[in-house]
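Dear colleague,

Please find below the structure for your records. My notes on its salt bridges and nonpolar cores follow.

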Amino acid sequence: YTFNLVVMGNYVYAIGGRTWGEDNQAILKGCERYDIINGQWEQIAPLNYARCSAMVFHIKGKIYVLGGYKGEKERWVTSEVYNPEKNTWSILKAELKVPLEGSSLVMSNRMGGVFLLGGRTTNGDTDKIWEFDVEQGDMWESGKLKEAKSLNKFYEFQIGKQIEIKDEM
């Protein structure tokens, strides 16, 4: 559970996550993908660092994993990128400015950028909205949510108002 899914091309990728048990044994590096055309799962290269509740997206044919939970009540600032042509994960030089897990992601209008909405930091759930630019390796606070929350299900956007978290659609 708490693995991440992302669809890219004809594949659904399942990345990291955890099984039942103590943090040091339960958090996973393993990754796999489901071939939508052939209806089969296959293992792909594992992450460099075991993580769950990370933020995952794809840009320009590569999959990016930001942050996530690493165990012992700690979160990652590191990011990794998956190259499907080489079947390799690489550590990005760009790091999050705060250890973060469970943020919701919204793609930015700028190429190479995402918005991270809320999430959990070392100090608990946050109401912050960050923009993270993968290509430039920069992260900055760009707003606030109405309330602090992580692992959000749904957001409602209204122009000129704060972003509101909805628990049900």
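Asp138 counts as partly exposed, at 32% relative accessibility (buried means under 20% relative accessible area, exposed over 50%, and partly exposed in between, with a 1.4 Å probe and protein chains only). The side chain of Asp138 meets that of Lys97 in a salt bridge, at 3.0 Å from N to O; the term denotes a side-chain nitrogen of Lys or Arg within 4 Å of a carboxyl oxygen of Asp or Glu. Because Lys97 lies in the loop between strand S10 (88–91) and strand S11 (104–107), and Asp138 in strand S16 (residues 138–144), the pair ties together parts that are 41 residues apart in sequence. Strands (E, at least two residues) are DSSP runs, numbered from the N terminus. Lys97 itself is exposed, at 57% relative accessibility.

Please note that this is a predicted model: local features need pLDDT of at least 70 and side-chain atom pairs count only at pLDDT 80 or more, while totals for chains, interfaces and linings use all residues. Residues are numbered from 1 along each chain as its sequence is written, and side-chain values use heavy atoms, with hydrogens and water left out.

In total, the structure holds eight salt bridges. One of them joins the side chains of Glu80 and Arg51, at 2.9 Å from N to O. This pair links distant parts of the chain, with Glu80 in strand S9 (residues 79–83) and Arg51 in the loop between strand S4 (40–44) and strand S5 (55–59), 29 residues apart. Glu80 is buried, with a relative accessible area of 0%, and Arg51 is likewise buried, at 1%.

A further salt bridge is formed by Glu74 and Lys70, whose closest N and O atoms are 3.8 Å apart. Here Glu74 is partly exposed at 42% relative accessibility, and Lys70 is partly exposed at 34%.

I turn now to the nonpolar cores. Such a core is a set of buried Ala, Val, Leu, Ile, Met, Phe, Trp, Tyr and Cys residues joined through side-chain atoms within 4.5 Å. The largest has 16 residues, of which Phe57, Tyr64, Leu66, Leu96, Leu116 and Phe132 touch the most other members. At least two residues of this core come from each of S5, strand S6 (62–66), strand S12 (113–117) and strand S15 (128–133). S5 gives the most, with three residues.

With kind regards

Key
Helix = DSSP H or I, 4+ residues; strand = E, 2+ residues; numbered from the N terminus.
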